[in-house]
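Have a look and see whether you read it the same way.

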Amino acid sequence: MATREMKVNIKTTVPSETVADRMENLAAAGKLTARNADLHWLYEQSVQNVTFEVKFIDRVFQREYGNKPTFLREDFCGTALLCGEWVKKRSANTALGVDFDGPTLEWGRINNIEPLGRRASAVTLVQDDVRQVTGQPADVVAAMNFSWWGFKTRAELSEYFRTAYGNLGQEGMLVLDCYGGPEAQVPQIEEREQNGFDYLWDQDHFNPITGDVRCLIHFRFPDGSKLKKAFSYDWRLWSLYDTCDLLAECGFRKTEVFWEGTDKDGEPSGVFRQSRKGDLAPAWVAYIIAFR
Ligand SMILES: C[S@@+](CC[C@H](N)C(=O)[O-])C[C@H]1O[C@@H](n2cnc3c(N)ncnc32)[C@H](O)[C@@H]1O
């Protein structure tokens, strides 16, 4: 497969109204609808928290290697929101984003990278399969929002993990997120109110024999209009323990699981700490860090 590198044009003039401005104004006025809402903006608002991710990556890397990482590779980068946040964090930081979906990458280039001005040149976007792209060794390879679950067989996931291992420097780490718990296997729709719209996570189907899971994202707006099946995912629900075993087989020296703590009311606290023992939460999100 040919690798297509996208040139990031450095704009000296900032467009008068960005997509984010337009969406935020509509949201604040309660006027977002299925017709005027931008899909990628809705997605980023609903499921991404790149400020947290950058801090988390820095903390874990520093603890292991004693210094801050500089070069981040974001596999399955989608709109490259994490790449943008990464290069904003420190002037030495650079990022590579890889995704095989051209229109999504292009949206990210226009909305998340070009607005960085001079710092835009610190980000390279490549349109290709993540298993096909090699290059400068990264301090961190990140595969967020369960994107690596698209590899449904051990052979496919091993191939990806081996590629990720090869793309890391001597002091490097792979960051994966994972979710689970009994509720992860139950067909159900979870709703969350966002600013100006509702986000609906639809666990549409689970096959207990293969571990295949089909999940959908829908959005609902104040006027009653809906964007149904705005995003759909065909994944395998990988477990933490099988994944850690496979990472070891693929050469990683050590894997650690970061488990979320609870606050005084027993609710998830948003603080993730390295742990060997999880609690029996009905639904959880955790991070796996695999060190080269
Ligand atoms: C769930 S989205 C994740 C977007 C973003 N990274 C995030 O954290 O929300 C999955 C992305 O992975 C891309 N993708 C899936 N399989 C891929 C592959 N084998 N190689 C490159 N990109 C892939 C899709 O095009 C999509 O943009």
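1. Helix α3 (residues 50–65) packs against helix α4 (residues 81–89) at about 55 degrees, with the axes 9 Å apart. Axes here are lines fitted to C-alpha atoms over the stretch in contact, and angles run from 0 to 180 degrees between N-to-C directions. That makes α3 oblique to α4, oblique being whatever is left after under 35 degrees (roughly parallel), over 145 (roughly antiparallel) and 65 to 115 (roughly perpendicular). Helices are DSSP runs (H or I, at least four residues), numbered from the N terminus.

2. On the α3 side, Val-50, Thr-51, Glu-53 and Val-54 make the contact, and α4 brings Leu-81, Leu-82, Glu-85, Trp-86 and Lys-89 (C-beta atoms, placed from the backbone, within 7 Å). By class that is five nonpolar, one polar and three charged; Ala, Val, Leu, Ile, Met, Phe, Trp, Tyr, Cys and Pro count as nonpolar, Asp, Glu, Lys and Arg as charged, and the others, Gly among them, as polar.

3. Now α6 (residues 154–166) and α7 (residues 240–249): about 55 degrees again, axes 10 Å apart.

4. The ligand has 16 residues around it, with Phe-76, Gly-78, Asp-101, Met-144 and Asn-145 coming nearest (near: C-beta, placed from the backbone, within 6 Å). The shell holds seven nonpolar, six polar and three charged residues.

5. Caveats: this is a predicted model, where local features need pLDDT of at least 70, side-chain atom pairs count only at pLDDT 80 or more, and totals for chains, interfaces and linings use all residues. Residues are numbered from 1 along each chain as its sequence is written.

Note on methods
Helices (H or I, at least four residues) and strands (E, at least two) are DSSP runs, numbered from the N terminus. Two residues are in contact if their C-beta atoms, placed from the backbone, lie within 7 Å.
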